Amino acid sequence: MPGNSKSPEQERRSATGAPSPRSAGEGEDIAIIGGGIIGICAAAFLAEAGRSVTVFDRTGVCEETSSGNAAAFAFSDVLPLAHKGMIKNLPKWLADPLGPLSIPPAYLPQLLPWLIRFWRAGAPAKYEASLAAQAGMMKLAEAEWMGLLDRSGTRPMLREDGSLELYESEAEFRASLSGWAARERFGIGFRHVEGDGLAGLQPGLSPRFIKGTFVPGWKTVADPKLLGKAVWAYAEARGARFEMGRIDQITADQHGATLTLADGTTRQARQLVVAAGAWSHLLARQLGDRIPLETERGYNTTLPKGAFDVKRQLIFSGHGFVVTPLDTGLRVGGAVELGGIERPPNFNRSKALLKKAQQFLPGLDPSGGREWMGFRPSLPDSVPVIGKASGNRPVVYAFGHGHLGLTQAAATARLIREIIMGQVASVDLAPFSPQRF
């Protein structure tokens with residue numbers, strides 16, 4: 001047989017742009033560590049470009065943090081956490097062990113350097129830069145998600161009902177106005193409501209809520225885990241592969257990367273993407289990059305669908321949680337516990353959120369719920385790391401999205417593809433640089 005002949009399968013893959021199968025020992029073209037929403041979106045974008053991609057994850061596709069989030073495409077959420085009243089509310093929230101924010105006392109010494117960076121990120125001088133970076137990222141995120149939903153056939157999983165943020169007092173409402181003014185500068189639409197307007201958007205609310213802000217462009221998805229798996233099916237149909245396994249160690253030089261799995265076996269890759277969520281900084285440290293990532297442990301309870309007729313995502317910002325109607329139930333969750341990745345869950349926090357939801361939505365049936373805890377990988381300036389590792393190494397970092405992993409996943413995937421393929425980036429990558437700390 002002539003050396004340049006191809007099998008029918010190879011001819012088919014060549015014609016469709018799908019990557020050719022690897023021979024034994026050839027190694028990966030691109031390895032992605034992390035099978036959450038960031039990793040699988042990156043796999044989809046790279047597979048679309050004809051690259052051979054293997055995703056590694058210890059549990060499966062969208063089985064951890066990406067499975068239990070609040071299901072929001074929060075494209076209007078451009079304000080960094082340090083500028084959303086968190087610093088001001090910190091003393092009050094910390095006084096309540098089951099409030100919107102808690103820090104286990106034993107974890108505070110380890111957390112202190114991150115908290116100092118977080119406090120500094122709230123400085124007025126850094127506000128505009130962070131706001132502009134997030135606004136640009138959100139504009140790209142919305143465009144890329146709408147395109148990916150169409151290409152993957154998942155547009156029916158999108159809900160475009162808007163969101164309703166709720167206030168219990170005039171003082172709370174007035175405190176929100178500067179943030180809405182900042183959003184308005186970037187073309188984000190909203191309207192403030194009260195009285196019949198408020199009741200019309202969400203019947204059955206407690207009368208304690210006197211005003212609200214409706215954001216018509218806010219979107220949610222039918223179920224984040226099911227969406228992630230559907231996007232993965234699209235990526236897999238274009239040649240992406242999945243391998244179950246925990247990556248314990250990575251090394252890299254200018255020629256490629258070596259991944260060592262928990263069972264001691266290794267994999268070679270020409271290029272590597274680290275998108276392992278709350279564990280990503282531990283892998284980056286092995287390459288000499290110290291990135292100040294911390295873990296926000298988020299809690300929720302998913303109730304049966306009939307628990308309450310919620311019309312759209314409800315945001316109780318003063319209490320740090322949301323209620324989201326899903327195809328698979330009613331999700332009550334949020335809050336922040338800065339406690340790292342080792343401590344066992346404290347499901348009393350889920351129960352506290354559910355108790356508040358009963359007060360805010362009289363008639364809510366709290367029975368039959370499923371409790372969950374997940375790890376949000378968060379950086380002190382609320383801006384993710386998206387960029388190359390230090391040194392001349394073919395490694396790209398993509399982590400630290402905090403509450404916005406689902407929202408920004410498609411934009412991050414687009415940027416990863418552009419970095420890997422040497423293309424001009426769709427946004428300025430400087431604010432997302434791994435070397436900015």
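At what angle do helix H2 and helix H11 pack, and how far apart are their axes?

Modeller: Keep in mind that this is a predicted model. Helix H2 covers residues 37-48, and helix H11 covers residues 405-420. The two pack at an angle of about 40°, and their axes are 8 Å apart. H2 and H11 are therefore oblique to each other. An angle counts as roughly parallel under 35 degrees and as roughly perpendicular from 65 to 115. The crossing of H2 past H11 is right-handed.

Now the residues. On the H2 side, the contact is made by Ile-37, Ile-38, Cys-41, Ala-42, Phe-45, Leu-46 and Glu-48. On the H11 side, it is made by Gly-405, Leu-406, Ala-409, Ala-410, Thr-412, Ala-413, Arg-414, Ile-416, Arg-417 and Ile-420. Sorted by class, the contact of H2 with H11 has twelve nonpolar, two polar and three charged residues.

Helix H5 spans residues 124-152. The axes of H2 and H5 come within 12 Å and cross at roughly 70°. That makes H2 roughly perpendicular to H5. Here the crossing is left-handed. From H2, the residues involved are Ile-37, Cys-41, Ala-44, Phe-45 and Glu-48. They meet Glu-144, Trp-145, Leu-148 and Arg-151 in H5. By class, the contact of H2 with H5 has six nonpolar, no polar and three charged residues.

Arg-238 sits in the loop between helix H8 (224-237) and strand E10 (241-244). Its relative accessibility is 32%, so Arg-238 counts as partly exposed.

Next comes the loop between strand E2 (53-57) and strand E3 (72-73), where Cys-62 is found. Cys-62 is not a glycine, yet it has a positive phi of about 55°. It is buried, with a relative accessible area of 1%. Ala-71 lies in the loop between E2 and E3 too. Its phi is also positive, at about 70°, and Ala-71 is not a glycine either. Ala-71 is buried, with a relative accessible area of 0%.

Now for the aromatic rings. A search of the whole structure finds 14 aromatic pairs. One of them joins Tyr-299 and Phe-347. This pair is edge-to-face, with 6.0 Å from centre to centre and 90° between the planes. Tyr-299 belongs to strand E14 (residues 294-303), while Phe-347 is in the loop between strand E17 (329-338) and helix H10 (348-360). The pair thus links distant parts of the chain, 48 residues apart. Tyr-299 is buried, at a relative accessible area of 1%. Phe-347 counts as partly exposed, at 28% relative accessibility.

Another pair is made by Phe-321 and Phe-360. Their ring centres are 6.0 Å apart and their planes are at 15°, so the pair is stacked. Phe-321 lies in strand E16 (residues 321-326) and Phe-360 in helix H10, so the pair ties together parts that are 39 residues apart in sequence. Both Phe-321 and Phe-360 are buried. For Phe-360 the relative accessibility is 1%.

Phe-209, Phe-316, Phe-321 and Phe-360 form one aromatic cluster. Leaving aside its neighbours within four places in sequence, Phe-360 is in contact with Gly-204, Leu-205, Ser-206, Arg-208, Phe-209, Phe-316, His-319 and Phe-321. From C-alpha to C-alpha, Phe-360 and Pro-207 are 8.4 Å apart in space, and they are 153 residues apart in sequence.

To return to where you started: H2 is oblique to H11, and H2 is roughly perpendicular to H5.

Methods:
Residues are numbered from 1 along each chain as its sequence is written. This is a predicted model: local features need pLDDT of at least 70, side-chain atom pairs count only at pLDDT 80 or more; totals for chains, interfaces and linings use all residues. Side-chain values use heavy atoms; hydrogens and water are left out. Axes are lines fitted to C-alpha atoms, for helices over the stretch in contact, and angles run from 0 to 180 degrees between N-to-C directions. Helices (H or I, at least four residues) and strands (E, at least two) are DSSP runs, numbered from the N terminus. Angles under 35 degrees count as roughly parallel, over 145 as roughly antiparallel, 65 to 115 as roughly perpendicular and the rest as oblique. A crossing is left-handed if the near helix is turned anticlockwise from the far one by less than a right angle, and right-handed if clockwise. Contact means heavy atoms within 4.5 Å. Ala, Val, Leu, Ile, Met, Phe, Trp, Tyr, Cys and Pro count as nonpolar, Asp, Glu, Lys and Arg as charged, and the others, Gly among them, as polar. Rings of Phe, Tyr and Trp (its six-membered ring) pair if their centres lie within 6.5 Å; planes under 30 degrees apart count as stacked, over 60 as edge-to-face and the rest as tilted. Buried means under 20% relative accessible area, exposed over 50%, partly exposed in between (1.4 Å probe, protein chains only).
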